[in-house]
Amino acid sequence: MPPFVKADVRHNRTKLRPRIVHIGFGAFHRAHQALFTDQVARQGDSDWGICEVSLFNDTAIAALRAQDHMFSVLETGAESTEIKIVQAATCALTPSLDGPEAVIAQLAAAETAIISLTITEKGYCIDPATGRLDMSHPEILSDLKGSNTPQTVLGYLTAALKKRRELGHPPLSILSCDNIQGNGQVAKAALLAFARQTAPDLADWINAKITFPCTMVDRIVPAVTDDTAADIAAHLGHPDPCGVACEPFKQWVIEDNFAAGRPDWDIAGAKFVADVTPYEEMKLRMLNGAHSFLAYLGYLAGYTHISDTMDDPHFRSAAFDLMTQEAAPSLTMPAGADLRAYAEQLIVRFSNPALKHKTWQIAMDGSQKIPHRLGGSLKHHLAQGTDFPMIALGIAAWMRYVSGMDEQGHSIDICDPLAAELYKRANQPDPVASLLGMEAIFEPEIGRNSDVITKVTQAYNALLQHGAKAALAAL
């Protein structure tokens with residue numbers, strides 16, 4: 001592998017220590033939290049570095065090590081492109097290369113002040129029906145039996161915090177950066193439930209000493225394709241197997257609740273607040289809700305990328321209406337928030353032709369996303385007695401998608417933890433009622449509501465009879 005020739009010798013890299021251990025060295029983390037931390041080191045006298053940990057991808061960690069823990073972020077806008085080199089990582093670990101003990105030791109180290117996470121919804125092993133830890137999850141069961149190599153993040157965290165307490169090291173913060181409502185609370189509830197099964201006294205210590213700040217993260221980071229890898233190599237001057245491409249926009253809102261300090265991420269544009277909830281719900285219901293809406297309808301209509309849907313005036317208009325007429329009224333925001341301007345900004349972001357964000361990628365794991373992205377707005381309209389045609393169509397499109405066949409008669413690769421059950425229900429005589437009846441996805445106040453059943457059924461029939469483009473145009 002060629003040297004990372006674009007490394008910035010002016011970077012404050014020699015002062016950095018692995019005070020953050022990040023689990024989940026994925027594309028989003030590289031383009032978001034790692035870049036924020038790198039920019040703080042460039043602009044201030046920071047010693048906050050990152051130890052990158054991947055529990056299941058030794059290839060990425062090996063590649064990162066081979067290029068002195070540096071990687072590139074290609075910010076691609078409609079009018080300009082900029083390559084940035086991230087040098088915030090000081091080390092990298094993975095159980096398959098270093099052993100689980102090395103990972104646990106780094107998590108437990110005295111200098112570790114923050115353990116951050118990007119492990120997706122699935123990584124917390126939460127039962128969607130109850131919102132609690134899934135005690136029947138096979139990997140949870142394996143970890144609770146005390147295997148030498150943990151199979152879950154919860155297993156690693158519990159082992160590390162047990163060791164940390166035994167060594168007398170100070171408490172730290174666990175910072176979830178996943179796109180989950182109340183992500184800090186979800187992480188805390190899952191970890192406490194797991195720890196109570198193995199060491200109740202440790203669970204009490206975690207509850208009393210460890211903090212779990214909530215965060216709202218936002219940046220569109222598509223999966224790297226051969227084309228984007230080629231673009232990165234062209235701008236960098238050589239290939240970068242750890243490089244990622246993303247949009248220029250980035251946002252990070254963080255609950256300022258840290259047990260052992262934190263970087264001045266606000267130098268790089270982050271916002272520290274007492275309560276993340278309003279910003280979190282704004283993003284989930286407007287950005288993520290519209291993203292899922294466009295993903296399912298766009299895929300059914302034959303559009304490969306989100307930017308392709310924005311070239312269709314009906315899709316563009318519908319996404320804006322969904323955000324401003326159905327999602328925004330459900331939100332309670334701090335003074336000064338301009339939700340219409342936010343929706344206008346999102347339409348511009350969705351339209352970025354340089355981002356090849358696939359509708360299929362966004363459509364993944366819909367059973368985990370639909371309740372948060374569309375459910376909150378829907379409950380507001382049910383309570384107010386107001387209409388929700390776009391939400392109904394979005395849910396119907398998801399149902400049509402999980403039936404496994406698109407409008408052109410091609411099979412759909414449904415990537416979802418409940419894929420088998422979804423497919424079965426979507427191909428029953430009354431798929432709408434069957435899918436709405438899944439309490440793992442829809443709360444009874446939604447799934448059993450006659451108005452919801454009627455309107456989603458009407459939208460579903462419109463999709464079957466006329467197709468996604470015509471059904472959307474009719475609205």
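Predicted model: local features only at pLDDT ≥ 70, side-chain atom pairs only at ≥ 80, totals over all residues.
Three strands make an open sheet in the order β4-β3-β11, and the pairing is mixed. On the edges we have β4, 81–86, and β11, 244–246, and each of those pairs on one side only. Averaged over neighbours and ignoring direction, the strands are turned by 25° against each other. If you zoom in on β3, residues 71–76, you'll see it pair with β11 in the parallel sense, over 3 bridges. To find your way there, look for Glu-75: the bridge partner it has in β11 is Cys-246.

Now, what lies across β3 and β4? That's helix α2, and it runs at about 75° to β4.

Over to the helix pair. α11, residues 277–301, packs on α18, residues 389–401, at an angle of about 55° with the axes 9 Å apart. That angle is why we call α11 oblique to α18. The crossing is left-handed. Who's touching whom? From α11 you've got Phe-293, Tyr-296, Leu-297, Tyr-299 and Leu-300, and they meet a set in α18 that includes Met-390, Leu-393, Gly-394, Trp-398 and Arg-400. Sorted by class, that contact comes to 10 nonpolar, 1 polar and 1 charged residues.

That's it from me.

How values were computed. Residues numbered from 1 in each chain as written. Heavy atoms only, no water. Axes fitted to C-alpha atoms, helices over the stretch in contact; angles between N-to-C directions. Helix = DSSP H or I, 4+ residues; strand = E, 2+ residues; numbered from the N terminus. Parallel < 35°, antiparallel > 145°, perpendicular 65-115°, else oblique. Left-handed = near helix turned anticlockwise from the far one by under 90°. Contact = heavy atoms within 4.5 Å. Nonpolar A, V, L, I, M, F, W, Y, C, P; charged D, E, K, R; others polar. Pairing = 2+ DSSP bridges.
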